[in-house]
Amino acid sequence: MASDRRPCTVPHMSHAAIVLVSVLLLCSAHHSVGARRLMELYKPQPSELLTYHNGTVLQGDIPVSVIWYGRFTPAQKAVVSDFLLSLTVASPAPTPSVSQWWNTINQLYLSKAAVQGKNVAGAKITTQVRLAGQLSDDRCSLGKSLKLSQLPALAARAKPKKGGIALVLTAQDVAVEGFCMSRCGKHASNAKARTAYVWVGNSATQCPGQCAWPFHQPVYGPQTPELVPPSGDVGMDGMVMNIASMVAGVVTNPFGDGFYQGPKEAPLEAATACPGVYGSGAYPGYAGNLAVDPATGASYNANGAHGRKYLLPALFNPATSTCSTLV
């Protein structure tokens with residue numbers, strides 16, 4: 001099973017979803033009674049809702065092994081490793097925090113699966129990500145132009161344990177099939193081994209307007225001013241946004257029978273169902289109301305380990321059919 005994190009400026013949406021967004025924009029722009037009535041008349045089909053399909057989710061202790069493919073500086077690696085450390089619920093950080101974001105996944109998805117499905121029904125399970133190890137391939141042993149078919153073998157080098165995740169990160173000068181054109185990242189799984197992998201690329205020099213927005217002006221749509229990235233590195237902060245989106249998807253729908261919306265082959269998941277939403281009041285071209293660091297001017301919505309600040313995607317709430325944000 002595989003799922004993509006598509007460029008947020010060109011979200012993958014069904015015709016019905018596009019109609020709904022158009023109606024919502026019309027209502028916001030004109031505040032007319034007629035527009036509100038049109039919105040009230042729209043009733044999504046059950047197949048268009050993000051629901052639980054009674055399958056497996058990842059729970060308990062989830063070991064994550066990182067593979068750095070290509071050249072990354074120590075400072076760049078620290079941005080990602082600190083984010084992964086921040087996912088631990090016990091990680092001390094001011095609110096809003098990365099661990100709060102992770103706990104939202106627990107509350108909206110994983111706890112529901114434990115009750116409804118076959119994941120130790122009725123038991124209360126604490127799920128957290130654990131950074132298990134890191135491996136570097138600075139010389140790009142498979143070359144600097146990768147096909148999607150090569151990613152599983154690359155992920156296998158991490159030797160992920162059952163229920164674990166291999167996180168494959170490619171450098172800014174490495175081209176991956178479909179990167180920037182149709183995806184910013186992807187997750188897939190090995191059902192037999194019961195392991196999963198996530199791949200995300202650094203878009204700094206290839207497509208920051210597609211895969212690092214709102215820290216770079218978008219290629220299409222409203223040209224709003226770009227925001228200041230918390231780490232000072234547009235590519236790495238963009239990677240964290242996409243890593244978060246893919247991790248949310250892989251833990252809630254690792255083998256294609258968990259939580260998703262739409263066709264199984266091209267699903268919308270916990271974070272990808274809320275494209276371009278990072279704070280309250282978000283709309284196309286506007287990421288939402290975010291916190292701003294007075295010292296650096298950087299925009300963020302979550303505090304992390306070692307004083308880090310991050311911008312994380314909103315999570316879809318299946319119970320209310322709304323996007324849940326930290327700020």
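Reply: In this predicted model, α7 comprises 19 residues and extends 28 Å from its first C-alpha to its last, close to the 27 Å expected at 1.5 Å a residue. At the start of the helix, aspartate 233 places a side-chain oxygen within 3.1 Å of the backbone nitrogen of glycine 235.

Of the 19 residues of α7, 18 are buried, so the helix is largely enclosed by the rest of the structure. In soluble globular proteins, nonpolar side chains tend to be buried together. The largest nonpolar core here has 74 residues, and Phe83 and Leu169 are those with the most contacts inside it. Two or more residues of this core come from each of several elements, including the helices α3 (74-86), α4 (98-116) and α7 (234-252) and the strands β3 (61-69), β6 (165-170) and β9 (195-201). The largest share, ten residues, is that of α7.

Another core, of seven residues, lies apart from the largest one; Phe215, Met241, Leu290 and Leu311 are among its members.

As to confidence, the mean pLDDT of the protein chain is 86, with 82% of its residues at 70 or more. Residues 9-44, however, have pLDDT below 50, although this stretch has 29 contacts in the model beyond near neighbours in sequence. Where pLDDT is low, the predicted coordinates should not be read in detail.

Definitions and conventions: Residues numbered from 1 in each chain as written. Predicted model: local features only at pLDDT ≥ 70, side-chain atom pairs only at ≥ 80, totals over all residues. Heavy atoms only, no water. Core = buried A, V, L, I, M, F, W, Y, C linked by side-chain atoms within 4.5 Å. Buried < 20%, exposed > 50% of the residue type's maximum accessible area, 1.4 Å probe, protein only. Helix = DSSP H or I, 4+ residues; strand = E, 2+ residues; numbered from the N terminus. pLDDT = per-residue confidence, 0-100. Contact = heavy atoms within 4.5 Å. Expected span 1.5 Å × (residues − 1). Polar contact = N/O pair within 3.5 Å; in protein donor to acceptor, adjacent residues only side chain to side chain.
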